[in-house]
Amino acid sequence: MARMAKDPLIQMLADPERTPVRGALPVVTIRPDDEPAYIDAVRRLESARFDLERRDREHGTVVELLRPDLSPQLETAQMQASWKAADPFVMRDAAPKADDAVAMLPEGWAAGRDERERWERWIADAADEAVECTTAFVDPERDVAKAVCEDRGAWAKLGKLSATEGDASRRLAFGVGEEIRDDDHPSSERHAAVWAWACALLPALGASWPEALRKRLGGAAGRPLSPSNPIVYWNRPNGGALFHHDALPGYLPSEDTESAEPVPSGQRGVVYVQGAGVTVWLALSIHTMARRCCEFMRDVVDGGAPWLFDTWVKEGVWQPLFFATRDVEPCLKALARSDAGPLRPLVHGSLEFTGFLIDSGHAAVLRAGDAIALPNRGLDRTAMHSVYCGDEGPNVGFSIGLR
Ligand SMILES: [Fe+2]
């Protein structure tokens with residue numbers, strides 16, 4: 001007779017329903033009301049613990065198990081399989097480590113008073129070419145400062161990640177031509193010119209895209225990949241990103257499930273490289289996310305979390321949520337929307353669902369030098385992700401579009 005695993009943690013980790021992010025160490029949730037045997041088992045294997053907080057909301061505590069040097073190293077075939085399914089995967093020691101995040105933030109324009117003026121002075125001094133600053137913002141609530149460089153056919157924009165007062169996270173994005181309209185511009189020469197300009201302004205960005213990483217990702221995608229649409233992120237405590245995907249506007253569901261060719265965009269995915277500090281990620285393909293939403297909601301329908309049912313009924317969101325999660329197809333459609341549509345209360349507002357995703361294997365911790373690949377080749381073949389700051393202070397990461 002087969003011997004049953006008595007350790008509840010081992011049982012959970014070995015559950016065939018748990019599908020961990022490839023390349024990541026196991027991450028699990030821990031709550032004060034967990035069974036003492038589970039808490040003890042987690043403590044025995046614990047290497048790091050994070051209290052997740054984002055935009056003034058607590059999202060629970062997670063524990064990373066084992067030591068970072070025990071992380072699995074992925075073979076090319078594993079990365080290819082993940083790429084094809086739009087499953088995110090983690091690569092350890094993918095890029096050089098930076099000493100600290102603040103050193104990578106050009107002095108003088110960290111979040112604070114007169115931020116726009118200080119940033120404008122910085123870019124005017126740092127750029128070799130003439131730049132024109134503008135306050136014609138696409139997203140007035142979050143955009144802080146913007147400059148256009150005619151010579152490079154480029155724009156650069158400093159922005160907030162959220163309008164929450166206590167969130168001092170910032171992002172510096174670069175793009176071709178006109179923002180949004182040209183984000184998916186077909187000219188690789190123009191994207192290359194913008195990339196070169198961004199790297200000249202912020203050399204740490206160029207360092208985050210070493211030859212070895214380029215080769216690994218090219219091997220996964222089965223073709224050479226070029227960098228585009230870079231964004232430098234300074235995630236600070238209480239900051240991070242809500243669940244989203246990176247499919248650019250204009251993406252359509254891919255009809256050919258075998259082909260790696262996106263329609264009509266040229267962007268095949270994004271790689272995020274952690275430069276300094278720690279971020280905690282939830283990441284999974286949009287298909288798996290849709291399946292998880294349906295699974296979780298089935299449990300709620302069966303009476304698994306009566307308080308959630310009561311809250312959602314009271315808030316008037318139960319019906320659309322119920323109908324959108326009866327099947328994978330409507331769920332996929334809702335997730336493809338930038339606001340998650342009727343799934344919003346589940347995806348953005350439910351701690352229970354976040355915990356369910358983490359315990360189902362979809363969390364990963366990134367430290368300096370680690371990278372996560374987020375394949376993307378259509379609205380129904382894209383990686384969904386959500387980010388938390390894992391530090392007491394600011395950290396820095398580089399998001400690089402792959403074409
Ligand atoms: Fe993203």
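A crossing of two helices is left-handed if the near helix is turned anticlockwise from the far one by less than a right angle, and right-handed if clockwise. The structure here is a predicted model, in which local features need pLDDT of at least 70 and side-chain atom pairs count only at pLDDT 80 or more, while totals for chains, interfaces and linings use all residues. Residues are numbered from 1 along each chain as its sequence is written.

Helices (H or I, at least four residues) and strands (E, at least two) are DSSP runs, numbered from the N terminus. Helix H8 covers residues 286–301 and helix H11 residues 328–336; their axes come within 9 Å and cross at roughly 120°. Axes are lines fitted to C-alpha atoms, for helices over the stretch in contact, and angles run from 0 to 180 degrees between N-to-C directions. Angles under 35 degrees count as roughly parallel, over 145 as roughly antiparallel, 65 to 115 as roughly perpendicular and the rest as oblique, so H8 is oblique to H11. The crossing of H8 past H11 is right-handed.

On the H8 side, the contact involves Ile 286, Met 289, Ala 290, Arg 291, Cys 293 and Cys 294, which meet Val 328, Cys 331, Leu 332 and Leu 335 in H11. Two residues are in contact if their C-beta atoms, placed from the backbone, lie within 7 Å.

Now to the strands. Three of them form an open sheet in the order S1-S3-S2, with antiparallel pairing. Two strands pair if DSSP finds at least two bridges between them. Strands S1 (27–30) and S2 (46–54) are the edge strands, each pairing on one side only. Between S1 and strand S3 (residues 57–65) there are four bridges, in the antiparallel sense. Val 27 stands opposite Glu 64 in S3.
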